[in-house]
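Here is a friendly note to read alongside the model. Please keep the view open as you go through the points.

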Amino acid sequence: MPDWFIIFLDPNARWILLGCMLLGFSSGIIGSFSYLRKQSLMGDALAHAALPGVCIAFMLSGSKSIGLFLIGAAAAGFIATFGIGYITRHTRIKQDSALAIVLSVFFGLGTVLLTHIQHSGNSNQSGLDKFLFGQAASLVGDDVMVMSVTSLLLAGICTLLYKEFKLLSFDPGFARGLGYPVAFLDQLMMFLMVVVVVVGIQAVGIVLMAALLITPAVSARYWTEKLGVMVVLAGLFGALSGMAGTFISANGSNLPTGPLTVLASTAVFLVSLGFAPGRGLVSKLLIHRTARRRYTQQLASTAGYELERKEKAL
Amino acid sequence: MNHSPLEIRGLSAAYQKKPVLRDISFTAPEGSLIGIIGPNGAGKSTLIKAVLGLIPRLSGDVTIYGKPYAQQRKIIGYVPQRESIDWDFPTSALDVVMMGRYGHLGWFRRPGGQERRMAMECLAKVGMSDYAGRQISQLSGGQQQRVFLARALAQDASLYFMDEPFVGVDAATEKAIITLLNELKQQGKTVLVVHHDLNTVKEYFDWVVLLNVQLVASGSVDSTFTADNLQRTYGGRLAILERDAHSELINQT
């Protein structure tokens, strides 16, 4: 039996793998909607904002409970999105700059708090630094359980509210005209993103969580013109990336999971960019070349016809 | 008691702090095509958005068939400006039209065969049946506008609001749209259209609302769409306009 296969025999490793795949799946789904709503960077901001939230939750409680982290990160994410909204509305600063400002402030604060915790001598703190880049191997059974349940819950919510989310992403003005509570749905989607981020950072890390939200969605967009297919495909790409990242990381090399997962999802993206039918580069090149050949042939045949006619006339 | 499809009393609305609509009041007659006319920045789109509750009102009352808007959503159809959405969205023309049924479906329920049939009928009415499965970015501007119109038809409303449906469409599409609007009128429906081209106002509409932040005038085209009123609406900014309006009036008499 090859060495790399051993990971599948260890039940704990199998659990972790499953958890990371489900995480990739749900972040791909949520990411599809945020990508289509042109909020790609929002996931990044939320992930970075989660760090101080998690740190404060740990400092207040002294325990590494994923539930408390969720509350802390959600609160921080809420403040961050409020901050971004406030800056965009009340100053002349555009949203991209507002995102950049808020994102770095929260991450800076989070890093300061994290360093403070590490030097505080609290024996329970070991592992918190894993939040930066993620380490799937450090997950314990309970973490995986929470990851799996929330992932399935998120996928379930997106299935139930698929029609509403689709309308909200495509044409929020029309949705409001139909009487859907757009502000509420907006907040709900933001909340789902916070949940994915918080559940995911332990495995993938804060810095790279955004990539897991957006890259699978962008890749999926290349393969289809149907939203339903795109969402499922993004989920599958996410799951695939999560699997690859976890697998290599857990397979003794001790590399951090987050970067590996991101590299894997980028590989999927590059394949999509190059070879997706219709939208991929190769496909576009072929279409263009066929069109050009057909046009030159057409030109040649009419020219030939003209020539023939002239010869006949002579 | 017979209520008007749309009654607006003392409506004011603002973006940020500057009011863009001040104290608008009028009552729209049922079964008519109504043009909302005014210069850029006069608040034409804002008027529609304020009525539909898309932007908050500062003051004023809007009733639709005698009831507040919130109770009448299902009998209102809306065609937003074409530029307001991302046409590269992964969805087909048929899908967009089916969105017109979402309000009737309510929460959680997915559109099914019935919605699909209805959407196909609406696409047929705007002459777009052949493009049902097309991704929406691969439609021309005029075709996109027709899809938007079909979506409004799918709403099966009694009162329609259309924000510049004639912008960026070719002559054929414009004719197709106006034919459709006349059909709606014949069915007793009321349609409000934000419109730019003063030359076609008399031909297209029965009733006009002349707007420039405040209401300049409203009433039947014959009595209201006069050179004098236009001059007040556009504030004398367009000399050519004045001449055109005069010559048209002279031609008519």
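**Notes on the interface and a hairpin**

1. Together, chain B and chain A bury about 2,700 Å², with 62% of it on carbon and sulfur atoms. Buried area here is the accessible area (1.4 Å probe) that two parts lose on being put together, summed over both. On the chain B side, B:F89, B:P90 and B:W107 lose the most area to chain A, together 25% of what that side buries.

2. A word on the basis: this is a predicted model, where local features need pLDDT of at least 70 and side-chain atom pairs count only at pLDDT 80 or more, while totals for chains, interfaces and linings use all residues. Residues are numbered from 1 along each chain as its sequence is written, chains are lettered from A in the order in which they are written, and side-chain values use heavy atoms, leaving out hydrogens and water.

3. Now count the partners: 32 residues of chain B are in contact with 29 residues of chain A (heavy atoms within 4.5 Å).

4. Five salt bridges cross this interface (a side-chain nitrogen of Lys or Arg within 4 Å of a carboxyl oxygen of Asp or Glu). Have a look at the salt bridge between the side chains of A:D171 and B:R151, at 2.8 Å, N to O.

5. Lastly, turn to chain B itself, where strands β9 (residues 207–212) and β10 (residues 214–220) run antiparallel and are joined by six bridges. Strands are DSSP runs (E, at least two residues), numbered from the N terminus, and two strands pair if DSSP finds at least two bridges between them. β9(B) and β10(B) form a hairpin with one residue between them, and B:V213 in the turn has a positive phi of about 65°.

Key: Helix = DSSP H or I, 4+ residues; strand = E, 2+ residues; numbered from the N terminus.
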